[in-house]
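Hello,

Here is the structure I promised to pass on to you. Please have a look at it first, and then read on for what turned up in it.

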Amino acid sequence: MPQPINPIGSLLDANIQWAQAVAKSDPDFFQRSLKGQSPHTLWIGCADSRVPDSVITASKPGDIFVHRNIANQLHLDDTNVLSVLRYAVDYLGVEHVVIVGHAECGGAAACLGAAQSPSLSLDGPITTIASLPVDSSLNRWLDPLTRLAASLQLSSIPHEEAMPILVEENVKAQVSNLAKTHAITDAWTKGTRKGQNVWIHGWVYDLGTGLLKDLNISQGPPSKTK
């Protein structure tokens, strides 16, 4: 009887093959990597396994600094994303920060479903995932997105039409939050140690086509041109 495939073992085997192939095509690559990183972009995206940033942009290791979470959120009280942002801007010198949402996002779908429920109440904490306690980490994380979905008044719109609207509006909301962070406002008003011009952007990835859509909501330093 054939043995079941071990996905972890497959990952390790694939890593060996990848490292050997890179060393063969670019013998100095790993030695250069040891010397540090200077990515041009910080990618704040969804943790969804179908949206691998470096793969869908054909980027190399070292090009993109990455933070991913459920439904590509930027909560202004989340020290994780704020520390990643500060480090990327102040110490790595990134010049572009992009919030990337994607089609058929599971987190957005859950929030849309909760927002369309007749029993939804916005007066207290929201139970987006009914099978979990209201104070569970996932429900607390999704609370702002469910409130956003409710504000869009999508109850009368079919799910397949409402989802793209919510996904795009979510990206716009997170870019708006991004513009309020100290790391970005400091870069725009005080400048940075590295003197870079920092731009923020909003994109959506289409799972069905593999293409990224620019929502044309980029913002940059005052009086600068893109």
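W18, F29 and F30 are joined into a cluster by ring pairs. Rings of Phe, Tyr and Trp (for Trp, its six-membered ring) pair if their centres lie within 6.5 Å, and the planes make the pair stacked if under 30 degrees apart, edge-to-face if over 60 and tilted for the rest. By this rule there are five aromatic pairs. In one of them, F29 and F30 have ring centres 5.1 Å apart and planes at 85°, so this pair is edge-to-face. F29 is buried, at 12% relative accessible area, while F30 is partly exposed, at 30%. Here buried stands for under 20% relative accessible area, exposed for over 50% and partly exposed for what lies in between (1.4 Å probe, protein chains only).

Another edge-to-face pair is made by W43 and W203, with 6.3 Å from centre to centre and 80° between the planes. This pair links distant parts of the chain, as W43 sits in strand β1 (residues 41-46) and W203 in strand β4 (residues 199-206), 160 residues apart. W43 is buried with a relative accessible area of 1%, whereas W203 is partly exposed with 24%. Strands (E, at least two residues) are DSSP runs, numbered from the N terminus.

Two strands pair if DSSP finds at least two bridges between them. On the parallel side, β4 pairs with strand β3 (residues 96-102) over seven bridges, and H201 in β4 has V98 opposite. With strand β5 (residues 211-214), β4 runs antiparallel, joined by four bridges; there Y205 has L212 in β5 as its bridge partner. Four residues lie between the strands in the hairpin of β4 and β5, where G210 takes a positive phi near 80°.

As for the overall layout, the protein chain is divided into domain 1 (1-36) and domain 2 (40-214), with bounds from an automatic or database domain assignment. Taken over C-alpha atoms, the domain centres are 30 Å apart.

A word on the basis of all this: the model is predicted, so to speak of local features takes pLDDT of at least 70 and side-chain atom pairs count only at pLDDT 80 or more, while totals for chains, interfaces and linings use all residues. Residues are numbered from 1 along each chain as its sequence is written, and side-chain values use heavy atoms, with hydrogens and water left out.

Best wishes
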